[in-house]
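Me: I'm new to reading protein structures, and I'd like to go through one step by step. Can we do it as questions and answers?

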Amino acid sequence: SAASYVGWLFGTGILIRRSALANNEIYPEKSFLFWEEYWLSKLIIANGYTIAVLPNQKIVHHASVSFKTNKEKLKMARLLSYSHEFIIRELEYGKLNSIA
């Protein structure tokens with residue numbers, strides 16, 4: 001099927017034109033675990049590019065790194081991710097809506 005254009009995305013298997021990155025910066029310092037793609041998407045759009053999702057493409061992962069085997073690390077990663085999600089919601093929807 002055809003590409004879908006989006007404002008931001010999550011995921012792996014991201015292909016980026018080098019010219020879409022200002023000063024070859026991939027992730028800003030304020031990005032954090034699981035939210036790097038959000039900041040990267042905003043950077044790409046700010047540099048005048050669009051983001052497209054190609055649903056019929058496949059990426060094969062030959063290795064995986066995960067927190068799933070350590071419950072304490074998984075719990076901490078989730079808490080940190082939720083706190084960063086609040087920051088993103090506040091930026092996208094405003095302070096009142098981010099609380100709801």
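Predicted model: local features only at pLDDT ≥ 70, side-chain atom pairs only at ≥ 80, totals over all residues.

Residues are numbered from 1 along each chain as its sequence is written, and side-chain values use heavy atoms, with hydrogens and water left out.

Me: What pattern does the chain follow along the sequence?
Reply: Helices (H or I, at least four residues) and strands (E, at least two) are DSSP runs, numbered from the N terminus. The chain has 3 helices and 2 strands. Read in sequence order, they give β-α-β-α-α.

Me: How are helix 1 and helix 2 oriented to each other?
Reply: Axes here are lines fitted to C-alpha atoms, for helices over the stretch in contact, and angles run from 0 to 180 degrees between N-to-C directions. The axes of helix 1 (residues 36-46) and helix 2 (residues 71-93) come within 11 Å and cross at roughly 30°. Angles under 35 degrees count as roughly parallel, over 145 as roughly antiparallel, 65 to 115 as roughly perpendicular and the rest as oblique. So the two helices are roughly parallel.

Me: Which residues of helix 1 and helix 2 make the contact?
Reply: Contact means heavy atoms within 4.5 Å. Helix 2 brings His84, Ile88, Leu91 and Glu92. From helix 1 come Tyr38, Trp39 and Lys42.

Me: Which residues of helix 2 are buried?
Reply: Buried means under 20% relative accessible area, exposed over 50%, and partly exposed in between (1.4 Å probe, protein chains only). Helix 1 is included in what covers the buried residues of helix 2. Those buried residues are Ala77, Ser81, His84 and Ile88.

Me: How far does helix 2 reach from its first C-alpha to its last?
Reply: Helix 2 has 23 residues.

Me: Is Val6 buried or partly exposed?
Reply: Val6 sits in strand 1 (residues 4-6) and touches Ile45, Ile51 and Val53, not counting residues up to four places away in sequence. Its relative accessible area is 29%, so Val6 is partly exposed.

Me: How far apart in space are Val6 and Ile51, C-alpha to C-alpha?
Reply: Along the sequence, Val6 and Ile51 are 45 residues apart. In space, C-alpha to C-alpha, the distance is 5.7 Å.

Definitions and conventions: Expected span 1.5 Å × (residues − 1).
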